[in-house]
Amino acid sequence: MNWILVAVLLILSIFFLFPVIWMLANSFKPDAAITADMNSVAAFIPPAPDGNFFENYVSIITDTSFLRYMANTLFYAAILILLSIVVNGLAGYALAKIKFPFRDQWLMIIIMLLIVPTETVITIHFLIIAKAGLLNTIVGYILPLIVNPFNIFLFRQVFVSLPDDVYEAAQLDFCGPVKYFFTMVLPMSKTVVATVSVFTFLNVWNDYLWPSLVFTSSDLLTAQIGLNSITSNENTTMGQTLAVITLVTIPVIIIYSLFSKQIVEGVTSTGSKEG
């Protein structure tokens, strides 16, 4: 039965991968070849390597600023991952281990914020950033994205299960709450840290609306905005369009391939905690 299940899942996975295979195979072809192979099995087979095999990718890299857009997005993601772990982690730790007035009420508010779509508050974010004079700046882009109710709840659900005996022992060595958080809590919670890092990266990488509102300078644009500007250009060929989409998709596939186990473990552990 296990072999049958594996075979069925393999067939289904290949079926769902057909669009990706088609995109990758045709990203190496000129438009004439893409059109000629459209209604045949050849549409899923890349051309034989020759001198023009990477022509679509070379033209995207050399004739556009897409690599700069990707580098910008990776830079923003790195900053937000670090800030998200620190800020949301400290908030989650306070909700899990520190007793303060209205703690349960604050937790309820955070849980209620999980159902609020980002699009409903993006106008308020934009007005605040505009009033502060931070439009078209990296700080203006990053500030509203640091605090995330889901990440706070994720950290809280994991931290609530940590034993208090460890903190009591750390106090004997004159270890304060902040030092304990960075030296003990985070190392003991690698799974949730990896999960938050992956989710933060994917949110930044796939975000289009917020950076399109904040940034006006082409030097600060992100990968999704660059993708839209390139694919909407009338001079961009079908092969170049598929090439740039492939470049955008590759980091997401790599992240999921490397951290899929941590994502599943982090989300599963969140749903299993009580308190």
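What follows is a set of questions and answers on this predicted model.

Trainee: Is Q224 buried or exposed?
Mentor: Q224 has its place in helix α13, which spans residues 223–231. Leaving aside residues up to four places away in sequence, Q224 touches W205, N206, D207, Y208 and V248. Because its relative accessible area is 14%, and the cut-off for this class is under 20%, Q224 counts as buried.

Trainee: Which class of accessibility does F102 fall into?
Mentor: F102 is found in the loop between α4 (66–97) and α5 (103–113), and its phi is near 60°, a positive value in a residue other than glycine. Its relative accessibility is 61%, and since the class in question begins over 50%, F102 counts as exposed.

Trainee: And which class does N136 fall into?
Mentor: N136 is found in the loop between α6 (118–131) and α7 (138–146), and its phi, near 60°, is a positive value in a residue other than glycine. Its relative accessibility is 26%, which lies between the cut-offs of 20% and 50%, and therefore N136 counts as partly exposed.

Trainee: Which helix gives the most to the lining of the largest pocket?
Mentor: The largest pocket has a volume of about 960 Å³, and several helices, including α4, α5 and α8 (149–159), each supply at least two residues of its lining. With five residues, the helix that gives the most is α6.

Trainee: How many nonpolar residues does the lining of the largest pocket have?
Mentor: The largest pocket is lined by 28 residues, and those nearest its centre are T118, L145, V147, N148 and P149. Sorted by class, the lining has seven polar and two charged residues, while the number of nonpolar residues is 19.

Conventions:
Residues numbered from 1 in each chain as written. Predicted model: local features only at pLDDT ≥ 70, side-chain atom pairs only at ≥ 80, totals over all residues. Heavy atoms only, no water. Helix = DSSP H or I, 4+ residues; strand = E, 2+ residues; numbered from the N terminus. Buried < 20%, exposed > 50% of the residue type's maximum accessible area, 1.4 Å probe, protein only. Contact = heavy atoms within 4.5 Å. 1 Å grid on protein atoms, 1.4 Å probe; cavity = no way out; pocket = protein on both sides within 12 Å on 5 of 7 lines; lining within 4 Å. Points joined across faces, edges and corners; volume = space filled by probe spheres on them. Nonpolar A, V, L, I, M, F, W, Y, C, P; charged D, E, K, R; others polar.
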